[in-house]
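Please go through this model by question and answer.

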Amino acid sequence: MDTRKAVKTYHRNLAIVLAVIVAIFAAIPLVVDKPYIINIFVLTFYMSTLSMAWNILGGITGQNSLGLAAYMGLGAYVCCLVVTKTGMNPWVAAVLDMLVVGVVAGVIFFPSLILRGPYFTLVSIAFAESIRQFIINSEFFGRASGVGLPFGKDSFAQFRFTSKVPYYYIGFIMMVGVYLIMKKIGRSKLGFALRTIREDEDAAAAIGINPTKYKVIAVVISAIIAGLVGFFYVSYIRYIDPDVMIQSKSTEIVLPAVVGGAAYIEGPLIGGLIMIPLSELLRANFAAVLPGINMLMYAVVLIVVIRFRPSGILGWYMNSKFKAFIDEKILKKPSLDVLEEYELMADKGGK
Amino acid sequence: MAEKPIIEVQGLTKRFKGLTAVHDVSFSVEKGSITGMIGPNGAGKSTTFNMICGYYPPTEGKIFYNGEDITNKKAYEYTNMKIARTFQIMKPLKNLSVLDNVTAAAYFGHAGAKSEKEAKERAMEVLHFTGLYEKRHVISKDMGTPDQKRLEMARALATKPEVLFLDENMAGLNPAETEEAIQLIRKINESGVTILLIEHIMKAVVSLCEKVIVLHHGEKIAEGTPEQVMNDPYVMEVYLGTKKEGASA
């Protein structure tokens with residue numbers, strides 16, 4: 001009974017802390033009325049979501065791809081074109097766009113998944129660039145000038161708002177939703193398969209994991225989420241051009257995950273919440289003083305993190321006294337043994 | 001021994017470009033037995049092993065499991081056929097805990113766990129069995145060789161195999177640890193698992209195996225009980241090197 005009680009207390013404390021965090025995010029637009037600040041948050045939300053999409057393939061499965069921006073861009077294009085050409089509802093178009101991007105990514109990556117390490121990364125860059133070049137040279141996709149969504153009255157059905165606040169909330173829900181899905185995957189059979197492949201492909205095969213099959217699954221999930229973000233992006237900016245898909249954008253997607261801790265499900269989330277606002281603040285405050293200084297400072301922060309905390313912020317936190325303090329004093333987390341006992345209890349119900 | 005062999009290897013040959021690593025090796029493994037494979041370094045033991053486990057396609061020859069031809073099966077299909085293996089150079093999932101290492105294995109193979117709970121329970125059972133239970137929260141790269149070797153076995157056992165291939169599971173262990181490993185292997189065998197092992201430590205081979213296969217320069221030079229094999233003049237020559245031997249034998 002003690003076990004049950006201790007674990008219940010811990011779960012309750014955890015729920016309270018999470019509820020407070022969510023409440024703070026929910027309250028921000030009520031307090032802050034500068035669209036600029038809200039914009040930074042929206043940017044943070046969708047970039048963190050993209051980083052999570054990268055993380056399932058790059059961080060969890062260990063296949064470093066560097067071309068995710070192309071799939072996000074492709075998703076945005078598909079959504080935009082379907083809405084403008086057929087008048088389809090954007091939410092329905094979003095589903096279609098995720099399917100298209102997932103299938104495209106699955107088909108083009110399938111033959112290259114036998115490649116390991118840097119070779120896979122190079123191929124992912126090449127494919128991303130091919131998609132961008134194809135779009136630049138295609139009349140249908142509006143060539144280099146891109147395509148736009150129609151403007152009009154505010155409408156939830158059309159996912160169209162003048163204010164940035166609705167995008168803030170929808171972006172936040174998207175980020176949290178994707179996080180919860182990732183969390184679920186991380187604990188599932190799929191999550192174990194992906195992590196085993198990251199650690200050792202031969203060992204994975206020895207226990208009965210078909211590495212190619214699971215890598216394709218990771219690629220497709222990653223692309224589908226990128227497609228979702230593409231839908232959000234184009235609905236927010238209301239315009240898409242091939243510049244969104246350039247290589248440096250793909251790299252930007254990777255940074256939050258690496259800084260936050262790519263081995264962890266939460267890594268891109270933590271990294272994104274820190275790095276994206278930081279990059280924006282540096283740009284806002286220093287770019288006018290000395291052009292380029294913001295990039296330099298950003299680079300310094302990055303180098304410092306990678307030099308001193310190679311496993312990312314979470315990698316440091318997981319072994320820190322700070323975590324021990326929080327677990328013990330605030331969350332009252334029971335020991336691993338107690339948690340385990342609870343998990344294996346036959347009947348978790350109990351009053 | 002009247003029963004049909006569980007594993008039967010016929011005329012197995014592997015050529016890497018010009019080099020013939022394994023030449024025309026045939027043997028069989030009886031159900032429920034422990035069979036050993038010995039030979040000097042470079043004799044082709046691991047190559048033979050990797051062929052039987054689906055890691056290298058054999059150049060020639062066939063492998064039968066319960067009478068079924070499994071020569072062209074992929075490595076990841078083996079646990080579905082109730083065959084598991086360990087690696088000579090340990091391949092722990094370095095950044096995962098011991099428990100997670102074994103839980104991952106419990107999800108796959110012919111008896112793949114359907115739920116998180118089932119996988120965890122199976123993992124716990126195997127950890128108790130292999131004596132790693134107390135260390136289940138340790139990150140596997142932080143463990144020493146003996147425990148990593150144990151982990152290799154635990155991971156293989158979590159797939160509920162009928163046949164277990166052990167590749168030099170005792171190399172690098174001290175005598176006390178070797179003794180523990182022998183006990184564990186015997187315990188696994190007694191639970192009904194057929195074992196084929198590669199080993200350098202003669203003491204382990206002699207005390208465990210009912211049948212020993214000796215490889216030298218990629219060819220099978222002897223087969224029989226440990227006593228028969230140890231008294232075979234050619235085997236003695238290969239191991240002790242009393243006479244000058246032909247390099248191209």
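**Domains, sheets and helix contacts**

In this predicted model, twelve residues of domain 1 of chain B are in contact with twelve residues of domain 2 of chain B.

Q: Which element gives the largest share of the side of domain 1 of chain B that touches domain 2 of chain B?
A: The domain assignment of chain B puts 1-75 + 162-173 + 194-249 in domain 1 and 83-160 in domain 2. By class, the side of domain 1 that touches domain 2 has seven nonpolar, three polar and two charged residues. Five residues, the largest share of this side, come from β7(B).

Q: How far apart are the C-alpha centres of domain 1 of chain B and domain 2 of chain B?
A: Domain 2 of chain B is assigned as 83-160, and domain 1 takes 1-75 + 162-173 + 194-249. The distance between the C-alpha centres of these two domains is 26 Å.

Q: Which strands are the edge strands of the six-strand open sheet of chain B?
A: The order of this sheet is β6-β7-β8-β3-β9-β10 (chain B), and the pairing is mixed. An edge strand pairs on one side only. In chain B, that describes β6 (83-85) and β10 (219-224).

Q: What is the bridge partner of B:T35 in β8(B)?
A: Strand β3 of chain B covers residues 34-38, and strand β8 of chain B covers residues 194-198. The two strands pair in the parallel sense over four bridges. In β8(B), B:T35 has as its bridge partner B:L196.

Q: What angle does the direction of helix α1 of chain B make with that of β7(B)?
A: Helix α1 (residues 45-52) of chain B packs on the sheet that holds β7(B), touching β3, β7 (163-167), β8 and β9 (211-216) of chain B. The direction of α1(B) and that of β7(B) make an angle of about 150°.

Q: Which strands stand at the edges of the four-strand open sheet of chain B?
A: The order is β2-β1-β4-β5 (chain B), with antiparallel pairing. A strand at the edge has a single partner strand, so one side of it is left without a neighbour in the sheet. In chain B this holds for β2 and β5 (68-69).

Q: What angle does the direction of α1(B) make with that of β1(B)?
A: α1(B) packs on the sheet of β1(B), touching β1, β2 and β4 of chain B. The angle between the directions of α1(B) and β1(B) is about 115°.

Q: Which residue takes a positive phi in the hairpin of β1(B) and β2(B)?
A: Strand β1 (residues 7-16) and strand β2 (residues 19-29) of chain B run antiparallel and are joined by seven bridges. One of the pairs is B:K14 with its bridge partner B:V22 in β2(B). The hairpin has two residues between the strands, and the positive phi, near 50°, belongs to B:K17.

Q: What is the bridge partner of B:V9 in β4(B)?
A: β1(B) also runs antiparallel to strand β4 (residues 60-65) of chain B, with five bridges between them. In β4(B), B:V9 is partnered by B:I63.

Q: What is the bridge partner of B:Y65 in β5(B)?
A: β4(B) and β5(B) pair in the antiparallel sense. Two bridges are found between β4(B) and β5(B). For B:Y65, the partner in β5(B) is B:E68.

Q: Is the crossing of α7(A) and α9(A) left-handed or right-handed?
A: The axes of helix α7 (residues 189-199) and helix α9 (residues 211-237) of chain A come within 10 Å and cross at roughly 110°. That angle is why α7(A) is roughly perpendicular to α9(A). The contact has eight nonpolar, no polar and one charged residues. The crossing of α7(A) and α9(A) is left-handed.

Q: Which residues of α4(B) make the contact with α3(B)?
A: α3(B) and helix α4 (residues 145-157) of chain B pack at about 140°, with their axes 9 Å apart. The crossing is right-handed. From α3(B) the contact takes B:V126, B:L127, B:F129 and B:T130. From α4(B) it takes B:R150, B:M153, B:A154 and B:L157.

Q: How many residues of the side of chain B that touches chain A are nonpolar?
A: The contact takes 23 residues from chain B and 19 residues from chain A. On the side of chain B, α2 (98-106) and α3 (116-130) each supply at least two residues. Seven residues of this side are polar and seven are charged, while the nonpolar ones number nine.

Conventions: Residues are numbered from 1 along each chain as its sequence is written. Chains are lettered from A and ligands numbered from 1 in the order in which they are written. This is a predicted model: local features need pLDDT of at least 70, side-chain atom pairs count only at pLDDT 80 or more; totals for chains, interfaces and linings use all residues. Two strands pair if DSSP finds at least two bridges between them. Two residues are in contact if their C-beta atoms, placed from the backbone, lie within 7 Å. Axes are lines fitted to C-alpha atoms, for helices over the stretch in contact, and angles run from 0 to 180 degrees between N-to-C directions. Angles under 35 degrees count as roughly parallel, over 145 as roughly antiparallel, 65 to 115 as roughly perpendicular and the rest as oblique. A crossing is left-handed if the near helix is turned anticlockwise from the far one by less than a right angle, and right-handed if clockwise. Ala, Val, Leu, Ile, Met, Phe, Trp, Tyr, Cys and Pro count as nonpolar, Asp, Glu, Lys and Arg as charged, and the others, Gly among them, as polar. Domain bounds come from an automatic or database domain assignment.
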